[in-house]
Amino acid sequence: MRILLLVKQVPDVSVSGMEDGKVPRGGPSVLNPQCEYALDAAIGLKEDGDEVVAVCMGPPSARESLFRCLELGADRAYHLCDPDFAGSDVWATAKTLARLVTDKESDFDYILCGQRAADGETGQVPSMVAELIGIPQVVGCYRFSREKGSLHVWRERSGWIERFELEPKALVAVEKGCNVHRLPSISDFLGARKKDLMTISRTDISIEREECGLNGSHTVVKKVHVLTSSREGIKLHLDDTSFAIDTVLEAVRRREP
Amino acid sequence: MKDDSCSTCPTKSSCAGGCQRSEAELAEMYDLEADMSEGHMIWVELDYTEGNPTLKDVSKQLLGKARSFDDQRVIGILFGPESARNAAREAFSYGADTIYHVRHNSFTDFHLESFTAGLTAVVERVKPNTLILAASDEGRELGPRTAARMGVGITADCTDLEMDKGVLRMTRPTFGGKLMATILSNTRPQMATVRPGAFPLPEVEEGRRGTVINWPMNPAPSIEPLESVAAEEGACLTDAELIISVGGGIGNLRNLEMAKEIADKLGAEMACSRNVVEKGWMEQDRQVGQTGNVVKPKVYLALGISGAVQHQTGMSGSQRIIAINNDPDAAIHQIANVSIIGDVGEFLQRLLKRLDEEKAAEI
Ligand SMILES: Cc1cc2nc3c(=O)[nH]c(=O)nc-3n(C[C@H](O)[C@H](O)[C@H](O)COP(=O)(O)OP(=O)(O)OC[C@H]3O[C@@H](n4cnc5c(N)ncnc54)[C@H](O)[C@@H]3O)c2cc1C
């Protein structure tokens, strides 16, 4: 079984914070939490003779996220890294990832990825990649198992837990994990930096300059502003007044803005 | 039986066993030019809970919003069996001028493959200026899949939309709700998914009429679940109207018990921050935040929660936030509508006392 793992690196907002509405560049970054779950799922499914191939598009620093995948047990990795890819929106990102898959790894069985990135996008890329490759998808998954060559995945939707049996060539977007604190094996951990990590620039895959990055994007961010407080806040002190309790009870009972 | 709400073909009658005409025949039969490159298309999501197809609230909100943009046509597209016709009438009263009814008996359930194919086919025919879907679980799949099939951009999870001379300005939170980005699309239709509840329900215009266009379709092959079992209790956080959420500042189990008692009395669901899950005081399925549930209750009462970005990601969509925290500089106070600066334990005691007094006064 060959599993492709699409991951993203995101700024670690818990550490770097934000000033003047600008996300600090070059601040500390981490593997996106839901991609961490996807990695965990992929490694959990892997048996002898299987291959897990991690793919990440991002600046040079995103190599660190790929090393993390390799340390935890991924076998190989691709780093899509090229100034031409910079500024991609969801469409351009999905297109670039899909091109890499169809050009270089078209004999995959399953694609696993995190459902959503912590830094902005909202789960559009997995569905778009699946569509561009032309395979079915199940999103929102949290549990995975192998049964005789096919993959079983579970997700919860509208109060129902659904279980799917997926024949090879399907995409699974992972929303939650069960066993995130997996420890790497010593050999994976020590060997990670010797594993095959291939840097892919635009000309290595069949994508034109106009099709990717800012040029290939279909959406443009017109403006960004910091949300200091969208709510007209009332500040009260508990002290010795029952006014605070009154206000809370009224708000709770009225349940209206 | 004559049914004047169907304008599929010149006979304007409803046909026994459903309309049998092919897509191409239909296209020739009526004047599609009227729809060309104009108008706002809304995916109208239906609810079958009582057997009868009705519009989901979010669909009403989106129709109303599209109506308010400008004087372009508002075109709804809905998927469903014959009986979904009634929902089309409802859609007119909320602002739709035309409803495309993509019809098959199996369409009471969401079929990603079929709906993507149907939506793409109708959009390619009608060429609307905008295409708006709810950011429901289903819309979050149907939107990007359709966008990718058509090769157009999409902006997900918008909280506001404005129309400026045909250009859709889509605003959405990013970075856990700390930033708001306004985004434009350079492809048509301009596609967005919008969070349920972002817009008010429009007023109903009784008797407002429109045109239903039938679009018979064969379902595309799709993957179905092997099995579905009802999820256990605890999964209802996302629908809760009132949430009492506790964080590290709850301090001890006695306070936690008080919070639970109050939740019981007020009919609230309990939730928590990750800190509380890590302490083992509450289950992970009650955690709110980036790695937990995303909730949008009418009121979110945060007790001793600092308001870390990862926590805010899960609750910033709440209509009203009330925070109790003894640190006046806690981040949660920045986003709260009502901030109480004080001790959680004391707050709980007083609130409980008040509720008991009220109860006593009733008797
Ligand atoms: C990748 C990642 C994912 C994460 N996902 C989540 C997530 O999904 N959900 C989540 O919640 N967190 C998440 N976190 C953790 C998050 O960063 C915070 O650490 C966490 O939310 C803190 O919880 P807290 O506010 O309850 O606790 P604390 O940070 O301990 O804050 C306690 C608050 O209570 C106040 N307080 C203390 N005593 C009292 C008192 N007596 N009366 C009143 N107030 C008092 C304090 O002033 C303080 O503000 C994540 C972190 C990472 C790195």
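Accessible areas are computed here by the Shrake-Rupley method with a 1.4 Å probe. The structure is a predicted model, and on that basis the accessible surface of chain B comes to about 14800 Å², with 46% of this surface belonging to carbon and sulfur atoms.

Chain A contains 8 helices and 13 strands, and 53% of its 257 residues are buried. When contacts in chain A with a separation of 6 or more are considered, 70% of them involve residues 24 or more positions apart. Chain B has 10 helices and 18 strands. Of the 363 residues in chain B, 58% are buried. Contacts in chain B between residues at least 6 apart in sequence join residues at least 24 apart in 64% of cases.

The interior is the next subject. In soluble globular proteins, nonpolar side chains tend to be buried together. In this model the largest nonpolar core has 57 residues, and those with the most contacts inside it are Leu80(A), Ile111(A) and Ile77(B). Helix H4 of chain A, residues 90–104, gives this core its largest share, 7 residues. Another core, of 38 residues, lies apart from it and has among its members Ile43(A), Cys56(A), Leu70(A) and Ala77(A). The surroundings of Leu80(A) can be followed residue by residue. Beyond residues up to four places away in sequence, Leu80(A) touches Val55(A), Cys56(A), Met57(A), Gly58(A) and Phe85(A), and also Thr96(A), Leu97(A), Leu100(A), Ile200(A) and Ile205(A).

After H3(B) comes Gly95(B), which has a positive phi, near 125 degrees.

Attention now turns to the ligand. It is surrounded by 25 residues, the closest being Gly248(B), Ser273(B), Gln287(B), Ser306(B) and Asp343(B). Oxygen atoms of the ligand take part in several polar pairings. A polar side-chain atom of Ser273(B) is 2.5 Å from an oxygen atom of the ligand, and a polar side-chain atom of Gln310(B) lies 2.9 Å from an oxygen atom of the ligand. With Gln290(B) the pairing involves the backbone, a polar atom of which is 3.0 Å from a ligand oxygen atom. The ligand taken alone exposes 980 Å², and the protein buries 74% of that area. Helix H7 (274–278) and helix H8 (309–315) of chain B are the elements that give two or more residues to the shell around the ligand.

Glu162(A) is situated in strand E9 of chain A, residues 160–166. Is Glu162(A) buried or exposed? Its relative accessible area is 14%, and residues under 20% count as buried, so Glu162(A) is buried. Apart from neighbours within four places in sequence, Glu162(A) is in contact with Val153(A), Trp154(A), Arg155(A) and Arg157(A), as well as with Pro225(B), Glu227(B) and Ser228(B).

Met163(B) belongs to strand E8 of chain B, residues 160–164. With a relative accessible area of 15%, Met163(B) is buried. Residues up to four places away aside, Met163(B) touches His40(B), Phe69(B), Asp70(B), Thr130(B) and Leu168(B). Between Met163(B) and Leu184(B), 21 residues apart in sequence, the distance from C-alpha to C-alpha is 11 Å.

Val294(B), by contrast, is found in the loop between H7 and strand E16 (299–303) of chain B. Its relative accessibility is 35%, so Val294(B) counts as partly exposed. Beyond neighbours within four places in sequence, Val294(B) is in contact with Thr238(B), Thr313(B) and Gly314(B). The C-alpha atom of Val294(B) is separated by 31 Å from that of Arg354(B), a residue 60 places away along the chain.

Conventions: Residues are numbered from 1 along each chain as its sequence is written. Chains are lettered from A and ligands numbered from 1 in the order in which they are written. This is a predicted model: local features need pLDDT of at least 70, side-chain atom pairs count only at pLDDT 80 or more; totals for chains, interfaces and linings use all residues. Side-chain values use heavy atoms; hydrogens and water are left out. A nonpolar core is a set of buried Ala, Val, Leu, Ile, Met, Phe, Trp, Tyr and Cys residues joined through side-chain atoms within 4.5 Å. Buried means under 20% relative accessible area, exposed over 50%, partly exposed in between (1.4 Å probe, protein chains only). Helices (H or I, at least four residues) and strands (E, at least two) are DSSP runs, numbered from the N terminus. Contact means heavy atoms within 4.5 Å. A residue is near a molecule or strand if one of its heavy atoms lies within 4 Å of it. A polar contact is a pair of N or O atoms within 3.5 Å; within protein, one must be able to donate a hydrogen and the other to accept it, and residues adjacent in sequence count only if both atoms are side-chain atoms.
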